[in-house]
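Please open the model in a viewer and keep the selection panel at hand. The stops below are to be visited in order.

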Amino acid sequence: MVLKKTILLGEMLVDRKLITIEQLDIALAEHKKTSDFIGSTLIKLGFVTEEQLLPILSEQIGVEYVHIDKLRIDHKVIKDVPAKFACHYKLMPVRKKGKTLTLAVTDPLDIHTLDDLKLLLNCEVNVVLGGEKDILEGIRKYYGIGADTIEKIIAETAPKTKMEVESQETQDIEAMAEDASIIKFVNQLFLQAYKDRATDIHIEPYEDELKVRYRVDGILYDATIPPDIKHFQAAITSRIKVMAELNIAERRLPQDGRIKVKVSGEDLDLRISILPTPFGESVNIRLLSTNILYGLKNLGLLPHDLKIIEAMIKKPHGIVFVTGPTGSGKTTTLYAYLAKINNKDKKIITIEDPIEYQMKGITQLQVLPKIGLTFAQGLRSMLRHDPDIMMVGEVRDYETAEITIRVALTGHLVFSTLHTNDAPGAVTRLLDMGVEPFLVASSVECIVAQRLVRTVCPECKVPIKDKAGIGKEFGIKNLPDIEIYEGKGCQACKFTGYKGRTAIYEMLIMNEPIKELILTRTSSDQIRKKAIELGMRTLRQDGWEKVLMGITTPSEVLRVTQEEGIE
């Protein structure tokens, strides 16, 4: 009987031209070896997707097929099914009518599981068909990250009152931090952050709740977590401290550490920062992949800008500054420059705070101010190692700026960063630090300002219908003739309309007219006007180019750039 249903499902897929007869034969041969459900076999072999298969399976077995992501499920229904059952059986409660509970399951024909659920839930059970990914995402959305783990911890401490549980955490926090369930929950937090492409995890304590937020593509989103997590706040923080080898007894002072973990075969470097607050310790975790090093062509540079950068990083001496606010991708850009020119005949040394990526063939130095190893001190020592190329993580003060410039004037190529809003503003910043104009003019070769913009989700990309006001913002005429796009929001992008990020750039090349303005201490506005006359594209102009290419949206470019007209 199973074989008959198997062949029938396969024939239905062939009839709908979703698979070929040859693919069905391959799947049936594999099915005989593994005894797995033929539908699962077809999905594993990549012949069909879950979305293509499930409607046809629903038709074959006569069971309703539901999209959980499109349903609004009442939280009262969620409470009827414990998280541990939902996770173990991979099911999602959908609705309840009278005493009958409707559950979305991956295998509605599994009679034994259904009988178990009737006994466990003590009610009549009706089943509908749901996709496994859809169900797992629904569990995370409605129950919260690690809900089954938190349930297990509460069950183990059930005989105690809430006050006793909190008291036990205070007295024996080290033992609690090593509890298998707490370890599992913290791991689940890290894993979900990785799956969501988060760059930061924020664990924030308040008087009556503990919040967890993920930063994805530069924007903070609340992570759904079980409400009872507040009772285990101290244990979770202590677990993270143990992993980062920090002092778990010290709760009054800020602490910093790092954790190295492997997720889905990828090495992650987690930077931990702990801050004391009136309601407990706030934890920030920065996720860095040790495997991701971008090439120049992956930075989002337009062909014209790519040629400029390739020419600049091949110069024998001088300084290339990358500027922008915190989190604008400056360090990633510098590493891409170094990766491009890193070869056996070059000695490259970097001084950073902190070292974000390990690079083979490059000597990297970590700043340690507590023992006097500052950027300036490190720079002086680095010169004795006969470098050809140097990278200074950040120019923060006059001493570092002056040494960096003198290093460039003595025949070295130097890369560094500054915190300024645009490229001309970097000149003003250096002069404000006390650096002489002639030193700036003679040493700096190029200043690159950049911002990160979110890219349109390719799965739900649609043309923008209402373009009123966009042309005015960008100073563009005849806008109705131009096709521009936005994301309408889908499951792939978590209904944001965006997936991933790219950079927009502004490049100030130090040619003679610009140098003359610097020597006379001209304002950054005048330098900016002159640079635009000479062909410099502003951040907003570069962003508009990427809007026209369908890479990003007008609203995203406006969000990250200052008000400026396109001339």
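The model is predicted, so local features need pLDDT of at least 70 and side-chain atom pairs count only at pLDDT 80 or more, while totals for chains, interfaces and linings use all residues. Residues are numbered from 1 along each chain as its sequence is written, and side-chain values use heavy atoms, leaving out hydrogens and water.

First, select residues 147–156 (helix 9) and 180–195 (helix 12), whose axes lie 9 Å apart at an angle of about 160 degrees. The two helices are therefore roughly antiparallel (an angle over 145 degrees). Show side chains: in helix 9, Asp 148, Ile 150 and Ile 153 are among the residues that meet helix 12, whose contacting residues include Ile 182, Lys 184 and Phe 185 (contact means heavy atoms within 4.5 Å). The residues of this contact comprise four nonpolar, three polar and four charged.

Next, select Phe 321, Val 427, Leu 430, Ile 447, Leu 508, Met 510 and Ile 518, which touch the most other members of the largest nonpolar core, a set of 39 residues. Such a core joins buried residues (under 20% relative accessible area, 1.4 Å probe, protein chains only) through side-chain atoms within 4.5 Å. Helix 18 (residues 423–433) supplies the largest share of this core, six residues. Another core, of 36 residues, lies apart from it and includes Ile 153 and Ile 201.

Finally, select helix 21 (residues 512–519) and helix 22 (residues 524–533), which pack at about 170 degrees with axes 10 Å apart. Here Pro 513, Ile 514, Leu 517 and Ile 518 of helix 21 meet Gln 526, Ile 527, Lys 530 and Ala 531 of helix 22.

Methods:
Axes fitted to C-alpha atoms, helices over the stretch in contact; angles between N-to-C directions. Helix = DSSP H or I, 4+ residues; strand = E, 2+ residues; numbered from the N terminus. Parallel < 35°, antiparallel > 145°, perpendicular 65-115°, else oblique. Nonpolar A, V, L, I, M, F, W, Y, C, P; charged D, E, K, R; others polar. Buried < 20%, exposed > 50% of the residue type's maximum accessible area, 1.4 Å probe, protein only.
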